[in-house]
Amino acid sequence: MSEIKGLRQITPYVAGQQPKGQDIIKLNTNENAYPPSPKVAARLETFDTDQLRRYSSLDQSALRTVLAQQLQVPADQIIVGNGSDDILSMAFLAFFNSGEPILFPDLTYGFYKVWADLYHIPYLECPLDHDFKLVPEAYIGDNGGLVLTNPNAPTGLALPLSEIEAIVAANQEVVVIIDEAYISFGGETALPLLDKYDNVFITRTFSKDAALAGLRVGYGIGSPKLMAVIQTVKNAVNPYNVDMLSEDLAVAAVTDWTYYEETCRKICQTRDWFSAELVRLGFEVLPSQTNFILAEPTTVSAQDLFEQLKAQGIYVRYFPTIERLKHKLRISIGSQTEMVRVLEVIKTQLGLTVP
Ligand SMILES: *Cc1c(COP(=O)(O)O)cnc(C)c1O
């Protein structure tokens, strides 16, 4: 057989595993520790399946309307997608066409590189400093756009709004994407910048704070100027990208946001308790503003602990191929009960308790 011409070669994003089983504690993809709002379950039960004969809405006005109320931004400055990955992917296509390299940190959401490659967008990775903090000065100067995750993943660290604003103010000729996937767990939102800057595009997801990763809903918020461009990309790629059921259930989630404020508060409490316990055991733990922590064991290797936890049915994330992360583990914060168990297992592995 002869070689086939024109086949694309791409290094894909590698997502965390989705192991199945009863006694598994799954702390490897930053999913929410608690179930979705009971209002979501109730809405699912009353959903009229006959409606599925029809195409989903083209503009998600129902969801955009409730989001606009929640966020206090005009509904026409919100665009909804099939997860925030969908929104981010469209944003890369829509906003980064100058031919100049876009900038993002060397340690951040692994998908940015993949989209840049996929869409032939040149990019430069700006190293985080020794303490894993973003270096604002690295983003001043000619570039084709910026992508900042705030709070950042996988570090969990947040940048204050004043520093985000300084970066935005120095880059008003390009689009600055601010990925706020974890904003409900800490950090300051960049929403106030929307009134002052028309080059800011904020992305959010229902996957982490709203416990709806399986539903695939995310959204972007930006100026009318940016909305017009990304809307044309959406129409060129997949106009019905948000299915009818997802939109309906996401509306139910937004209208019960006090439920989520409570679950996110519980997760933050568990995070702070668990981090302090690990520090007591000699771990180095970055101060997280997200629903995960980045922790480095000092008396065992990250790889050994990763394997030992896995053998006990506890799945965390380990990045052996990334130089600056290979001694660390990223541990999503589960329920308090789960994290008590995880701590017990870790203590046993470190030889601090009798198994
Ligand atoms: C989880 C995550 C996303 C993707 O969210 P989906 O809405 O599930 O596609 C995007 N950015 C960051 C930083 C994330 O952690």
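Select the lining of the largest pocket in this predicted model: by class, this lining holds 21 nonpolar, 14 polar and 11 charged residues. The volume of the largest pocket is about 1200 Å³. Its lining has 46 residues, and Tyr13, Val14, Tyr109, Gly110 and Arg317 are the closest to the pocket centre.

Next, colour the secondary structure. H3, strand S3 (102–105), helix H4 (111–118) and strand S12 (317–318) each put at least two residues into this lining. H4 gives the most, with four residues.

Now select the ligand, which sits in the largest pocket. Around the ligand are 13 residues, with Ser84, Tyr182, Thr205, Ser207 and Lys208 coming nearest. By class, this shell has four nonpolar, five polar and four charged residues. Helix H3 (residues 84–95) gives the most to the shell, with three residues.

Zoom in on the oxygen atoms of the ligand.

- Ser84: a backbone N or O atom is 2.6 Å from a ligand oxygen.
- Arg216: a polar side-chain atom is 2.7 Å from a ligand oxygen.
- Lys208: a side-chain N or O atom is 2.8 Å from a ligand oxygen.

On its own the ligand has 380 Å² of accessible area, and the protein covers 93% of that.

Finally, move to the second largest pocket, which contains about 290 Å³ of space. Select Gln70, Ser184, Arg204, Asp209 and Trp257, which lie nearest its centre among 18 lining residues. Helix H2 (61–71), strand S7 (200–205) and helix H8 (257–280) each supply at least two residues of this lining, and H8 gives the most, with four. The classes here are 11 nonpolar, four polar and three charged residues.

Notes:
Residues numbered from 1 in each chain as written. Predicted model: local features only at pLDDT ≥ 70, side-chain atom pairs only at ≥ 80, totals over all residues. Heavy atoms only, no water. Near = heavy atom within 4 Å. Polar contact = N/O pair within 3.5 Å; in protein donor to acceptor, adjacent residues only side chain to side chain. Areas by Shrake-Rupley, 256 points an atom, 1.4 Å probe, with all protein chains shown as cover. 1 Å grid on protein atoms, 1.4 Å probe; cavity = no way out; pocket = protein on both sides within 12 Å on 5 of 7 lines; lining within 4 Å. Sits in = over half its atoms within 2 Å of the grid points. Nonpolar A, V, L, I, M, F, W, Y, C, P; charged D, E, K, R; others polar. Points joined across faces, edges and corners; volume = space filled by probe spheres on them.
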